[in-house]
Amino acid sequence: MSGPLLGPSVSGRALASGRPATGRSFRLHRPRAGFCANGTCGQCGSDPATGEALCCTPADRVTPSRIDPLRALGLPAERQLPWFWERRLLRPRALRGRYLSAIRSLSAAPGLPAAPAIAAPAHRTLEVPLLHVGDPDHADPGAMVVDATAGSTAFGVYADRTVAATAPGELLEIRCERLVLATGAHLRLPPIVGNDLPGVLHLDALERYLDQGADLRSVRVAVIAPAERHAAIASALEGHCQVVHLDPEIPRRIGGRGRVQSIAVGSDTVACDVLALALDQPAVELALLAGARGVLGEGPLPVVLADALPDWVELRGRAAAQPALPGCAQQRDAFACPCEDVRVRDLEAAVSSGLRDVELIKRRTGAMTGPCQGKVCQGAVLTALRDLGVEPRPMTPRPFGRLTRLADLAVAHDA
Amino acid sequence: MTRRRIVIVGAGIAGLVAALEAHAAGCHVTVLERGYPGGGNSGRNVGRIRRMQLTEELTRVSIAASDYWLEIDALLGGRNPLLFPTTYALVLYGADEAEHLGRLEPMWRATGIDARLHDTASTLERVPVLRGGEVPVGSVLSSALLVHHDAAVHGAYLAAQERGIDVRLGVEALGVETAAGAVVAVETSQGRLAADAVINAADSHARDLAATAGVHVPTHPMRREALVTHSIKPIMDQAVTFYRPYEGWFNQTLRGEIVAGVTDPAEPAGLNHDSSLPFALRTAALLRQKAPSLMGLHAVRQWAGTYEYTPDRSPIVGAYTGVEGLYGLHGWSGRGMLLAPVCASLLVREIVGGGRDPLMAPFAPARFDGVEDDAGPHADYYGGYVTAAP
């Protein structure tokens with residue numbers, strides 16, 4: 001875990017270059033770029049030398065590869081149900097299992113990953129009366145602050161009011177009497193066709209790329225945000241990128257090959273390179289780990305909210321908001337879960353095959369089990385399931401509240 | 001003649017395979033599941049199917065169990081549970097361990113399995129992921145299988161639905177009702193269900209259910225945790241286990257994730273599904289020590305399940321003493337995915353009058369009559385470690 005980034009990231013520079021894809025999805029090998037620009041969503045890929053997310057890696061350190069040789073395998077697979085292998089691919093019986101081995105060796109990595117050259121972090125245990133996780137501007141005086149801007153990142157809440165965080169050279173185990181979470185928001189992915197294309201991102205991510213120093217002046221940006229924020233957004237982005245569309249309504253679809261090239265709004269098509277969405281999914285994952293109950297909210301584009309917070313935990317700022325998002329039609333070919341390439345129609349197929357429980361459908365399709373662990377997709381998946389008549393019970397909260405590199409967890413052995 | 005009514009408690013891999021086999025044998029089958037199929041230990045494991053075991057009787061059962069897995073897709077309605085070949089690597093870091101396991105080679109040869117002791121160079125050549133880490137003394141390598149446990153459980157559940165088997169989700173078995181020493185019904189959270197036979201496949205809850213019929217089974221659950229990384233391209237074909245107790249294991253799944261775990265010698269007995277920070281730190285530290293090339297991967301999730309331990313670390317399969325028509329199918333002690341399907345199949349054959357298969361001899365419930373639960377050396381999965389002479 002290194003400190004805050006100075007200068008553009010690999011992902012930021014890729015976005016500026018007009019070729020935003022730096023990662024690829026695991027199952028269908030679709031080109032991907034990050035939604036978050038803060039290492040949460042896991043879509044942008046990672047630095048092979050250190051394992052750091054490319055949105056948090058300085059641009060000069062890595063040149064992302066543009067060609068995915070396995071896309072040729074992904075294209076035919078996209079036309080099948082994700083579990084087509086069960087009855088079709090894995091026959092005849094004599095060859096059972098061999099296909100899977102063949103696919104594994106076809107797609108095998110050329111060698112072992114490189115081990116990041118960092119020393120084992122020290123394990124530091126501390127007790128504080130008040131711990132503040134997230135935006136320091138919201139912190140009470142005297143609180144210990146854990147935040148990327150303070151050089152540390154919380155990844156879990158465990159028993160006995162213990163918050164675990166990574167910091168440069170240290171693994172912090174912080175026992176607190178009170179916990180304030182001002183963790184902001186993730187993107188609530190809208191279920192429209194093209195929603196996984198590189199160039200679709202959270203408005204916060206666009207701002208982060210600009211803060212890092214990415215030069216996006218030639219990039220055409222469509223922004224979806226509530227009308228009352230339009231003036232502020234327009235003036236904030238003025239001179240930094242070309243805002244070609246500013247609208248409260250979610251577009252009908254997103255078009256493009258390998259990246260965002262246009263959006264369809266009503267009967268019009270707007271050419272653009274980036275679709276920045278001010279659609280907030282409050283970042284409640286640490287609150288759920290602390291014991292709050294997850295519920296799917298109301299409205300046309302519901303998000304997952306933390307209910308029944310334990311008395312020692314407080315949500316603050318956008319993490320505590322109950323955003324009222326605009327509606328959009330649920331499209332069957334849209335991705336509900338981009339990490340695992342699960343489309344709305346895959347969820348439909350799982351339900352109609354006879355599975356009627358979120359935990360079963362999660363395991364069947366892989367939805368919500370990828371790097372983001374539901375932060376970006378859980379609202380979309382649960383809404384689709386609710387519409388299919390399945391009780392939209394959020395999945396069991398488990399650490400890690402955030403992607404955490406093994407090297408940052410591997411503390412020198414405690415006696 | 002009316003069909004035999006069998007009630008199966010638990011819709012994990014054991015209960016569902018028993019249901020499919022009993023249905024095929026002409027019984028009227030009802031399955032009770034308090035949560036969702038595979039919601040207990042069947043959904044919280046890594047699906048290692050290996051023939052190599054440390055005793056001859058367990059090796060012979062494991063060979064039958066592996067063969068059963070290779071044929072299971074017909075039972076699952078043509079679904080393949082993502083069964084794929086792997087190499088099981090039991091990695092050794094002590095000369096005493098290698099010496100002990102070397103003495104088992106003749107037994108492995110006699111049973112016809114390909115488990116062999118390899119030296120340091122051969123181990124590092126065949127298990128390259130260990131390069132750069134602590135140098136092993138050697139390893140026992142054998143061909144094995146990995147199964148995707150969810151695919152297996154879902155395949156069995158969907159096949160049961162297709163065949164019209166009554167699988168009741170969200171219904172809890174509260175107790176077994178007996179009259180004159182024989183099973184007559186199961187009391188459930190949704191009423192009484194008459195039964196001629198009851199199969200107790202509730203693993204971590206099996207002890208409590210058996211107790212309602214006055215049967216004492218000396219088992220106890222132990223938490224076992226795991227963590228999983230994000231997916232990467234295939235880098236290893238082996239399922240690695242470190243033989244030293246209190247150490248751990250890891251392998252890559254078909255989805256590309258590395259799953260890993262390590263046992264905690266101080267873990268108390270009890271049903272506990274919480275994730276713990278010490279586990280995550282111990283596991284990462286273990287991987288740094290043994291397979292440092294994995295250190296750049298990101299952990300995405302950790303979870304916990306339980307091993308239901310019996311005193312001899314072998315399962316309980318068969319009729320309990322004292323209650324006619326009540327059968328145990330639990331106590332897997334960490335070998336559930338491997339053993340449950342074949343044991344379920346052979347138990348059903350026994351129940352419908354086909355006799356008891358000699359392979360099941362070591363698993364008779366009666367061996368624990370009058371035996372108390374041992375809260376023993378918990379992390380000692382092998383039930384004996386180095387000290388057990390072959």
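Here is a short chat about how to read helices, strands and contacts in a predicted model.

Me: What kind of model is this, and how are the residues, chains and ligands labelled?
Reply: It's a predicted model, where local features need pLDDT of at least 70, side-chain atom pairs count only at pLDDT 80 or more, and totals for chains, interfaces and linings use all residues. Residues are numbered from 1 along each chain as its sequence is written, while chains are lettered from A and ligands numbered from 1 in the order in which they are written.

Me: How many helices and strands does chain A have?
Reply: Helices (H or I, at least four residues) and strands (E, at least two) are DSSP runs, numbered from the N terminus. Chain A comes to ten helices and 22 strands. Chain B has ten helices and 18 strands.

Me: What is the radius of gyration of chain A, and what would a compact globule have?
Reply: The radius is taken over C-alpha atoms, and the globule rule is 2.2 Å times the number of residues to the power 0.38. For the 415 residues of chain A the rule gives a value near 22 Å, and chain A has 21 Å, which agrees. Its C-alpha trace spans about 60 × 55 × 45 Å along the principal axes.

Me: At what angle do H1(B) and H10(B) cross?
Reply: Axes are lines fitted to C-alpha atoms, for helices over the stretch in contact, and angles run from 0 to 180 degrees between N-to-C directions. Helix H1 (residues 13–24) and helix H10 (residues 336–351) of chain B cross at roughly 30 degrees, and their axes come within 8 Å. That makes H1(B) roughly parallel to H10(B); angles under 35 degrees get that name, those over 145 are roughly antiparallel, 65 to 115 is roughly perpendicular, and the rest are oblique.

Me: Which residues of H1(B) and H10(B) meet?
Reply: Two residues are in contact if their C-beta atoms, placed from the backbone, lie within 7 Å. On the H1(B) side they include B:Val17 and B:Ala18, and on the H10(B) side B:Ala340 and B:Ala344 are among them. By class, this contact of H1(B) with H10(B) has eleven nonpolar, two polar and one charged residues. Here Ala, Val, Leu, Ile, Met, Phe, Trp, Tyr, Cys and Pro count as nonpolar, Asp, Glu, Lys and Arg as charged, and the others, Gly among them, as polar.

Me: How does H2(B) cross H10(B)?
Reply: Helix H2 (residues 56–70) of chain B crosses H10(B) at roughly 85 degrees, with the axes coming within 8 Å. That makes H2(B) roughly perpendicular to H10(B). B:Tyr68 and B:Trp69 are among the H2(B) residues in this contact, and B:Leu338 and B:Leu339 are among those of H10(B). The contact divides into nine nonpolar, two polar and no charged residues.

Me: And what about H7(A) and H8(A) in chain A?
Reply: Helix H7 (residues 344–352) and helix H8 (residues 358–365) of chain A pack at about 120 degrees, with their axes 10 Å apart. That makes H7(A) oblique to H8(A). Four nonpolar, one polar and two charged residues make up their contact.

Me: How do strands pair?
Reply: Strands of a sheet pair through backbone hydrogen bonds, either parallel or antiparallel. For counting, two strands pair if DSSP finds at least two bridges between them. In chain A, strand E13 (residues 262–265) and strand E14 (residues 268–271) are antiparallel over four bridges, with A:Ile263 opposite A:Val270. They form a hairpin with two residues between them, and A:Gly266 in the turn has a positive phi of about 60 degrees.

Me: How many residues does each chain bring to the contact between A and B?
Reply: Chain A gives 51 residues and chain B gives 48. On the chain A side, the largest share, four residues, comes from H8(A). Strands join in too: two bridges link E22(A) to strand E16 (residues 298–309) of chain B, running antiparallel, and A:Arg405 stands opposite B:His298.
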